[in-house]
Amino acid sequence: MARSSRIRTRTASDRAISGVVTWPTCRVGRPQGLPTAGNFAFVEEAVPVPGPGTALVENIYLSVDPYLRELMDEGGWDLHASLDGRAIGRVVESHDPAPAVGGLVRHRVAWRTHALVTAAGARVLPDLPGVPLCAHLSVLGGTGLSAYVGLAKVARVQPGETVFISAAAGGVGTAAGQIARLLGAGRVIGSAGSAAKVKHLTEDEHRQGDRPGQPGVTAPVTSAGCDRTGQASKV
């Protein structure tokens with residue numbers, strides 16, 4: 001699985017607030033293979049006005065995840081309709097005390113510059129000094145939660161154990177490799193589907209680390225890749 005990406009949108013600080021419009025991204029064709037720009041269209045609309053119990057959020061980050069490609073096929077999203085997905089935004093107007101004006105929230109009404117959310121459909125984000133805001137769409141979001149629950153609650157990893165992680169270059173996989181070490185795993189082995197992914201794990205992720213296994217830092221992951229015959233190969 002490919003890693004998810006975060007896209008930063010333009011915000012009010014980048015343009016005049018008066019007369020601003022929103023651009024929901026709408027799909028106009030089903031892709032054959034990789035999506036192209038021709039499968040999408042940008043539609044201009046007036047900024048929605050929040051009613052009772054709702055808040056207007058100006059999106060800052062959008063998460064583009066691998067599962068979205070599956071939803072573009074027949075039986076997924078409707079054609080000529082707005083897309084959705086995970087996003088982080090700042091509340092600019094609110095008719096609900098929970099998402100207060102100026103606060104940051106995570107929600108699923110993405111692929112647009114502005115969105116209407118409710119308190120039930122948005123999570124107010126805490127102020128965590130030194131933590132990048134986009135981390136709430138990755139290691140502090142659904143991917144990190146999936147990795148943690150799988151290791152700590154399902155597998156119940158014990159100190160000194162060896163952990164094998166498939167799709168180790170994906171969003172959940174990279175988080176799982178680090179969390180496994182923080183839980184005390186003696187050895188972490190990961191599999192990846194291409195040489196580029198193995199390089200990312202053994203070089204890029206490794207450079208972000210410090211001392212393997214020390215809590216609070218990124219620990220390197222030992223990786224195995226697959227050659228063209230489908231056989232696992234040690235890298």
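This is a predicted model: local features need pLDDT of at least 70, side-chain atom pairs count only at pLDDT 80 or more; totals for chains, interfaces and linings use all residues.
**Entry 1: overall make-up**

I began with the secondary structure and found four helices and 14 strands in the protein. Next I looked up burial: of the 235 residues, 39% are buried. Then I checked how far along the sequence the contacts reach. Taking contacts between residues at least 6 apart in sequence, 66% join residues at least 24 apart.

**Entry 2: α2 against α3**

I wanted the geometry of this helix pair. Two packed helices are described by the angle between their axes and the distance between the axes, so I looked up both. Helix α2 covers residues 142-155 and helix α3 covers residues 171-182; their axes come within 8 Å and cross at roughly 50 degrees. That angle makes α2 oblique to α3. I also noted the hand of the α2 and α3 crossing, which is right-handed.

Which residues meet here? From α2 I listed Thr 143, Gly 144, Ser 146, Ala 147, Tyr 148 and Leu 151. On the α3 side they meet Gly 171, Val 172, Ala 175, Ala 176, Ile 179 and Ala 180. Sorted by class, the contact of α2 with α3 holds eight nonpolar and four polar residues, and no charged ones.

**Entry 3: the nonpolar cores**

How many residues does the largest nonpolar core have? I get 16, and those with the most contacts inside it are Leu 151, Val 163, Ile 165, Ala 180 and Ala 185. Five elements each supply at least two residues of this core: α2, β11 (162-165), α3, β12 (187-192) and α4 (195-208). Of these, α3 gives the most, with four residues.

Not counting residues up to four places away in sequence, Ile 165 touches Gly 173, Ala 176 and Gly 177, and then Val 188, Ile 189, Gly 190 and Ser 191.

There is also a second, separate core of nine residues, including Leu 68, Trp 77, Ala 87 and Ala 110.

**Entry 4: positive phi away from glycine**

I noted two residues other than glycine with a positive phi. For His 80, phi is near 55 degrees. His 80 sits in the loop between α1 (67-71) and β7. Buried or exposed? His 80 is exposed, at a relative accessible area of 59%.

For Ala 167, phi is near 50 degrees. I placed Ala 167 in the loop between β11 and α3. With 37% relative accessibility, Ala 167 counts as partly exposed.

Glu 74 is in the loop between α1 and β7. At 68% relative accessibility, Glu 74 counts as exposed.

Ala 98 is in the loop between β7 (87-94) and β8 (104-107). Its relative accessibility is 43%, so Ala 98 counts as partly exposed. What does Ala 98 contact, leaving aside neighbours within four places in sequence? I found Ala 119 and Val 124. Ala 98 and Ala 119 are 21 residues apart in sequence, with a C-alpha to C-alpha distance of 5.9 Å.

Last, I took Gly 184, in the loop between α3 and β12. Gly 184 is partly exposed, at 29% relative accessibility. Beyond its neighbours within four places in sequence, Gly 184 is in contact with Gln 158, Pro 159 and Gly 160. I also checked Glu 161, which is 23 residues from Gly 184 in sequence and 7.7 Å from Gly 184 in space, C-alpha to C-alpha.

Methods:
Residues are numbered from 1 along each chain as its sequence is written. Side-chain values use heavy atoms; hydrogens and water are left out. Axes are lines fitted to C-alpha atoms, for helices over the stretch in contact, and angles run from 0 to 180 degrees between N-to-C directions. Angles under 35 degrees count as roughly parallel, over 145 as roughly antiparallel, 65 to 115 as roughly perpendicular and the rest as oblique. A crossing is left-handed if the near helix is turned anticlockwise from the far one by less than a right angle, and right-handed if clockwise. Contact means heavy atoms within 4.5 Å. Ala, Val, Leu, Ile, Met, Phe, Trp, Tyr, Cys and Pro count as nonpolar, Asp, Glu, Lys and Arg as charged, and the others, Gly among them, as polar. A nonpolar core is a set of buried Ala, Val, Leu, Ile, Met, Phe, Trp, Tyr and Cys residues joined through side-chain atoms within 4.5 Å. Buried means under 20% relative accessible area, exposed over 50%, partly exposed in between (1.4 Å probe, protein chains only).
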